[in-house]
Amino acid sequence: MRTLPPRLLLVISAAFAGLSVITLVLLSAAGIVEPVPAIQIAVSLVILATAVVIVTSVRRTDGKALRIDARTKRQDAVLIRTEQTLAQVAATLDGLTGRLEEAGRHQARVLLSALGEDRMELTAQADRLAQLTSAVTRIDTTVRQSSADLDDVRKLRHDHEQLTGLTGTAVQAVRDIGERLDTLGGTVRDGQAELAKSVRQNYAQLEALIDIRALLQPRAPLPRLRGWAASPDVLRLLIERIALDRTEIIVECGSGSSSVWLGYALQRFGGGRVVALEHDERFAEASRDLVIAHGLRDVVEIRHAPLAPWATGTPGETIPWYDTSAVEDLTDIGLVFVDGPPGATAPLVRYPAVPVLLPRCAADAWIVLDDTSRPAEREVADRWLREYPELSGTAHPAEKGAMVLKRSLA
Ligand SMILES: C[S@@+](CC[C@H](N)C(=O)[O-])C[C@H]1O[C@@H](n2cnc3c(N)ncnc32)[C@H](O)[C@@H]1O
């Protein structure tokens with residue numbers, strides 16, 4: 001039989017006892033029950049309730065002990081069954097262990113046998129590996145040798161390239177030398193040509209000098225010809241002209257050695273006089289001394305004629321030339337030798353000679369212009385020939401070039 005829980009029972013008993021006490025108090029207060037018996041009843045009720053609670057608790061504890069006992073018995077039975085089961089399991093495990101050991105031994109035998117086969121295979125593979133390693137070592141040696149050979153080849157190629165470069169440089173140097181030799185050859189050929197020309201020229205001048213010396217036999221030493229002075233070939237040309245035409249009046253533009261030679265020629269071929277115009281006082285004096293030294297005072301007159309602007313006829317254009325008053329007294333000039341003023345004085349500085357002197361020349365006069373190898377003198381000759389139709393000109397291959405002009409008045 002199920003009993004109420006002690007705590008609920010205690011509450012119910014306490015509530016019952018409390019209600020009973022309150023009822024007794026109310027009854028006692030109403031005078032229905034006497035206080036003392038009421039208290040006795042109340043205490044009795046409380047004791048009773050307490051006893052009920054205690055009994056109930058004891059009974060409940062007993063029930064609980066019984067149930068624990070029964071449960072313990074059940075658990076014991078379970079334990080026994082468990083022990084039995086464990087014994088069975090242990091027996092089973094023993095059997096399994098035996099079988100496992102047997103299986104293990106079998107597996108070990110199988111593994112050992114397999115391992116033996118694998119070891120043989122591994123040994124074979126190791127042998128193959130050793131062979132491969134040896135082959136790789138041989139290949140490595142070959143590769144190293146090939147690499148060394150390749151280095152040698154590279155070195156050889158480098159040497160070859162350097163050699164090619166050197167060969168190129170050498171070839172270029174040889175070419176340069178060849179070109180220099182060509183240039184040198186050209187220079188040598190030019191030099192040879194120049195030398196040959198110079199030898200021919202020297203011979204021609206020497207020949208001319210011997211001719212005029214033999215012909216005129218100067219009485220005193222003469223300054224060197226050529227250079228600033230006229231060359232022997234042009235002097236011989238003038239002397240030939242004098243000899244042929246028996247020229248009497250000669251005008252020379254620019255004094256010097258030529259003045260003396262022309263004086264000798266006049267003296268030798270019939271007589272006459274030379275008027276030499278000289279713009280420079282010092283050279284005029286030097287030329288006079290020369291004339292005196294050669295005893296030609298009566299034949300050669302050196303006239304100092306400073307340069308003055310000469311009007312060309314074109315408005316504002318002048319050319320420096322000898323002061324024209326120095327020639328005002330001259331007429332019937334048979335030969336004019338134009339060898340001054342110096343070319344460096346001004347462009348076309350020798351041009352005025354013909355415009356000034358031609359009106360004072362004989363009808364069959366000759367004009368010789370020196371230095372026509374220079375462009376300025378060539379231009380002067382060209383202008384004369386253009387502007388004076390009575391003049392005809394012949395270029396003479398003198399050392400410095402000369403233009404021989406002949407006046408022919410109709
Ligand atoms: C070409 S030179 C004329 C020389 C002259 N016809 C002769 O043959 O000896 C022209 C001018 O040069 C000047 N001259 C002459 N001798 C010179 C000299 N040794 N050095 C520099 N100028 C000179 C004079 O003023 C002369 O008139």
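1. Helices (H or I, at least four residues) and strands (E, at least two) are DSSP runs, numbered from the N terminus. L348 sits in the loop between β6 and α6. Its phi is positive, about 55 degrees, although L348 is not a glycine. With a relative accessible area of 15%, L348 is buried; buried means under 20% relative accessible area, exposed over 50%, and partly exposed in between (1.4 Å probe, protein chains only).

2. On provenance: this is a predicted model, in which local features need pLDDT of at least 70 and side-chain atom pairs count only at pLDDT 80 or more, while totals for chains, interfaces and linings use all residues. Residues are numbered from 1 along each chain as its sequence is written, and side-chain values use heavy atoms, with hydrogens and water left out.

3. Other backbone points deserve a look. P341 is also placed in the loop between β6 and α6, and a cis peptide bond joins G340 and P341, with omega about -5 degrees. R226, in the loop between α2 and α3 (232-245), has a positive phi of about 70 degrees although it is not a glycine. R226 is partly exposed, at 27% relative accessible area. For reference, most residues other than glycine have a negative phi, and most peptide bonds are trans.

4. The largest nonpolar core has 36 residues, and V234, I242, W261 and V368 have the most contacts inside it. A second, separate core of 35 residues includes V336, L348, V354 and Y388. A nonpolar core here is a set of buried Ala, Val, Leu, Ile, Met, Phe, Trp, Tyr and Cys residues joined through side-chain atoms within 4.5 Å.

5. W261 touches L209, I212, R213, L216, P218, L222, L225, L235 and I239, leaving out residues up to four places away in sequence; contact means heavy atoms within 4.5 Å. W261 is one of the buried residues of α4. Just after α4, G270 takes a positive phi of about 105 degrees.

6. Helix α7 (residues 375-387) has 13 residues, which at 1.5 Å a residue should span 18 Å; the end C-alpha atoms are 18 Å apart, in agreement. The expected span is 1.5 Å times one less than the number of residues. E377, V380, A381, R383 and W384 are buried in α7. Seen down the axis, these buried residues fall within an arc of 160 degrees, so they line one face of the helix; the arc is that of the directions from the helix axis to the C-beta atoms. They pack against β6 (333-338), α6 (353-357), β7 (361-370), β8 (391-396) and β9 (402-407). On the other side of α7, P375 and R386 are exposed.

7. Of the 14 residues around the ligand, A230, S257, S258, E278 and D339 come nearest; a residue counts as near if one of its heavy atoms lies within 4 Å. A backbone N or O atom of A230 is 2.7 Å from a ligand oxygen atom. For S257, a backbone N or O atom lies 2.9 Å from an oxygen atom of the ligand.

8. Q205 belongs to helix α2 (residues 35-216) and, at 2% relative accessibility, counts as buried. Apart from residues up to four places away in sequence, Q205 touches R226, S231, P232, D233 and E399.

Conventions:
A polar contact is a pair of N or O atoms within 3.5 Å; within protein, one must be able to donate a hydrogen and the other to accept it, and residues adjacent in sequence count only if both atoms are side-chain atoms.
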